[in-house]
Amino acid sequence: MDDRGTLLQVRDLTAQFNLDGVPSRVVKGISFDIAPGEAVGFVGESGCGKSVTARAIMRLAPEGSSVEWGGRILFRGQDLLTLDEHEMRDMRGRRIAMVFQDPMASLNPVMTVGAQIDDILCRHTGVSRRAARRRTVELLGLVGIHDPALRADDYPHQFSGGMRQRVLIAIAVSCQPDLLIADEPTTALDVTVQAQILRLLMRLRRELGMALMLITHDFGVIAGMVERVYVMHGGEIVEFGEIDALFAGPRHSYTQALLAAVPRIETARRTA
Amino acid sequence: MIDLPPPDATQATAPARKRPRGRLLVTIGLAMLIALLAIAAFGPLIAPYSPSKTSPDSLAGPTAMHWLGTDSIGRDLLSRLIVGGRSTLLITFVAVALALAAGLVLGLVSGYIGGRVDLAIMRVLDVVFAFPVFLLAIAVVAALGPTVRNLILTIAVVYTPAMARVVRGPVLSVKRWDHVEAARSVGVGEFAIALRHVLPMVVSPILVQTSLILANTIFTVTALSFLGLGPPPPDPNWGSMLAEARQFMELAPLTVIGPAVAIVFASLTFIVLANGLREKLDVGSR
Amino acid sequence: MLRMVLVRLSLTVPILLGVSMVAFGLMRALPGDFALAAAGTTAVSDEVLRTTRRNLGLDRPIWEQYGIWLGNALAGDLGHSFATRKPVAGELLPRLAVTAELTMIAGLLAMAMGATTGLASARLRGRTDWIVRGLNSLLLAVPNFVVATLMVLLFGLYFPTVGIFNYVPFATDPLANVGSLLLPALALALTVSVTISENTRAAVLEVSSQDYVMVARAKGLLARTILGNYLVRNALTPVITVTGLQLAALLGGSILIETIFTIPGMGQYLFDSVSRRDYPVIQAIVLVSSTIVLMMNVLVDIAYARVDARVSYD
């Protein structure tokens, strides 16, 4: 069933951690699709398995823990779970990229910001350091860093949280991936900065033609960002559909509870 | 010189889980300690010969009569090894007990009262802390003379700052805890608070630190004896036995093994104990 | 930065003063008489003893004696040896150089061994971790003088061609000099390498769980790039700090190692002086090594603060 209309097809995905020999299943056989260029939201509270799902697509296990994945993750028809580590490494950052939750901790403190974009460019596009730096400066400009040529030589601690998230987004889009996974990209940021970052993500998705998988615990964040939503709870997808339909009439009680938690103004804007 | 590993060296990864390894290590360490103490306590009864009885059979290799051979004036090495642990262990335990007592008092007073008293005590301890331990021990023993009493006092002084710091750290954080506040608010006396509520909280790190310092002290005592600054002859002790064996190494190479193994066994005892306690009591994990 | 250095140094001055008082007081607390010790024999006339006392300034008040002694020490005059009657400073300096070299080689060896095993332990985990940590515990239990003695036994007796007692002065043949110090340095380095290993392990584990390492993996970077640029570069600072703080242990250990391998350094000088009851020398060595260790600690602190200013992203 090779549907050319889909970029990513996930079928019966399971993720199981081993905590001191005790297996614990965090993702319990979920299936979903993402089309090329589509923006999809994943909503659920922390611990519902949405981040683990995202990391499964990247095949990133937390450091020092062992996790077993089951099912199939078809990316352009190719099952990522059958790739060897070498092939998977070529995939990461190039075809599928990820933006993480905490920009304060996500940049290497002892490397300049520019060098941290250079290295992914050199790795995947095979350009020289010098050529990479030119592209790095462009990218920094693209994500809205002023004086990008100068700031490229600064260290992360010289950047604010919002600026760092912009840098991390620049890293993620540097190789023009087909799919960008954003795992709670605005949770750690000030409210005013949150909107800017979301707008930036939207703009880049449009300009670069990427699919976006936006993971959040907050329905307010995905409002106006995505077309379709999957609601996760306890390692399962409990409800999915067009975002407008979901906002208008959530069927699952959990979705209703999540929606009830959204500040009035967001819902109002959406339904207006 | 043995140095104290960082408190978070062991537990950087493990989440909350049972620690069977810690319990195993503590059991092994305790078994080794009991063996050590038993040999020290009953040494003269176990030893096949009197440690000071000479024989014409000098610098002999291991035989059925002398399992570890004999020294330069024909004394039985196994007997000397068994009895030789006594002075080392005696000095070690008494010195560390003194350091522990002094460290407890200074650390509790310093951490609990705080302010100027804390500052004064810590500054004085800083001075002692500034000396390389072994160097200070050599200098003091060289100046005062290598008697058992001087060795004990020297080592006690040298390790007091390390003890005091281990006590003071937890006290500083513990004394602001709620139940300590609660006790104070219902009018429990300061001294009773310190004794009843603060002390139990600092026991785990102190236990670990004490076993590490015991291992360090074994090193210091045997090293001093090795340099001829140990308890005066004729009583045997491991450090000077090793030094003597080294002197006659070309004639009786195997005589080195006994004291070397004894010293390693003793320090290993306390290191195993320290590692086990650290894992079992979860000291230093975040 | 300058302010921080000055503050750090000013905190060290009182400690140094305390150290000097202990070093001075220790030798005045000798059982018996300092002058008697200086004469080297009890069979001296009262007249000679009085002269000695006057020459050494022992007839003055103790605080004045301390002041004079400290002033001299600051000016580089560490007194005269009882045994050779020569200035201690002149005798100490070349030996200090030898010890510095031995300590440096040992420090480098310890760092190489400790960093490698610690890194392997943290990265490979599982059985490697278990073996490294077991070996570390065992190594920690073998004091350096036991290692050195066993080395002497092994090489002196069974591989005499290695020639471990042939200390070659640096001026004669620099390469042979370093070569002759390798085994002693190894004996000195072993226990110190354990501390470095455990700290490296902890630092690497700490860094491994940082988000930026996850980001690096998500970038698809090669394992060696992540290891070099992300793990090692970040774990390096605490490891270097710990190594710097091991100087005291290395200096203390060098006394034993130099004595065993007959290396003419400060440690052997101290040992000889102890057996000769050459108190001014003992005093000078205590003062000088403590000062060196304290200064090293200050340097480590400053270096750490420098890196930290850049690292601190909180």
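Predicted model: local features only at pLDDT ≥ 70, side-chain atom pairs only at ≥ 80, totals over all residues.
**Exercise 1.** Find the partner of A:Asp33 in a salt bridge. Then say which elements are joined.

*Solution.* 
- Step 1: A:Asp33 pairs with A:Arg11, and their closest N and O atoms are 2.9 Å apart.
- Step 2: A:Asp33 is in strand β2 (residues 22-34) of chain A, while A:Arg11 is in strand β1 (residues 8-19) of chain A. The residues are 22 apart in the chain.
- Step 3: Check accessibility. A:Asp33 is partly exposed at 24%. A:Arg11 is buried at 18%.

**Exercise 2.** Describe the salt bridge between B:Arg168 and B:Asp118. Then widen the view to salt bridges elsewhere.

*Solution.* 
- Step 1: The N to O distance between the two side chains is 2.7 Å.
- Step 2: Helix α5 (residues 148-174) of chain B holds B:Arg168, and helix α3 (residues 115-130) of chain B holds B:Asp118. They lie 50 residues apart in the chain.
- Step 3: B:Asp118 has a relative accessible area of 10%, so it is buried.
- Step 4: Turn to chain A. There, a network of salt bridges links A:Asp118, A:Arg129, A:Arg133 and A:Asp153.
- Step 5: Over all chains, the search finds 20 salt bridges.

**Exercise 3.** Characterise the interface of chain C and chain A.

*Solution.* 
- Step 1: Count the residues. Chain C brings 24 residues into contact with 30 residues of chain A.
- Step 2: Give the area. About 2600 Å² is buried between the two chains, with 58% of this from carbon and sulfur atoms.
- Step 3: Look for charged pairs. The rule finds 1 salt bridge across this interface. C:Lys219 and A:Asp119 form a salt bridge, with their closest N and O atoms 2.9 Å apart.
- Step 4: Name the elements on the side of chain C. Those giving two or more residues are α9 (211-218), α10 (223-245) and α13 (279-311) of chain C. α9(C) gives the most, with 6 residues.
- Step 5: Sort the side of chain C by class. It has 11 nonpolar, 6 polar and 7 charged residues.

**Exercise 4.** State the domain bounds of chain C and how far apart the domain centres lie.

*Solution.* 
- Step 1: The assignment gives domain 1 (32-77) and domain 2 (92-307).
- Step 2: Their C-alpha centres are 39 Å apart.

**Exercise 5.** Examine the phi angles of A:Gln176 and C:Arg85.

*Solution.* 
- Step 1: Recall the background. Most residues other than glycine have a negative phi.
- Step 2: A:Gln176 has a positive phi of about 50°. For C:Arg85, phi is also positive, at about 65°.
- Step 3: A:Gln176 is in the loop between α6 (161-173) and β7 (179-183) of chain A. C:Arg85 is in the loop between α4 (62-74) and α5 (88-124) of chain C.
- Step 4: Compare with the cut-off. Exposed means over 50%. C:Arg85, at 51%, counts as exposed. A:Gln176, at 47%, is partly exposed.

How values were computed
Residues numbered from 1 in each chain as written. Chains lettered and ligands numbered in written order. Heavy atoms only, no water. Helix = DSSP H or I, 4+ residues; strand = E, 2+ residues; numbered from the N terminus. Buried < 20%, exposed > 50% of the residue type's maximum accessible area, 1.4 Å probe, protein only. Domains from an automatic or database assignment. Contact = heavy atoms within 4.5 Å. Buried area = accessible area lost by both parts, 1.4 Å probe. Salt bridge = Lys/Arg side-chain N within 4 Å of Asp/Glu carboxyl O. Nonpolar A, V, L, I, M, F, W, Y, C, P; charged D, E, K, R; others polar.
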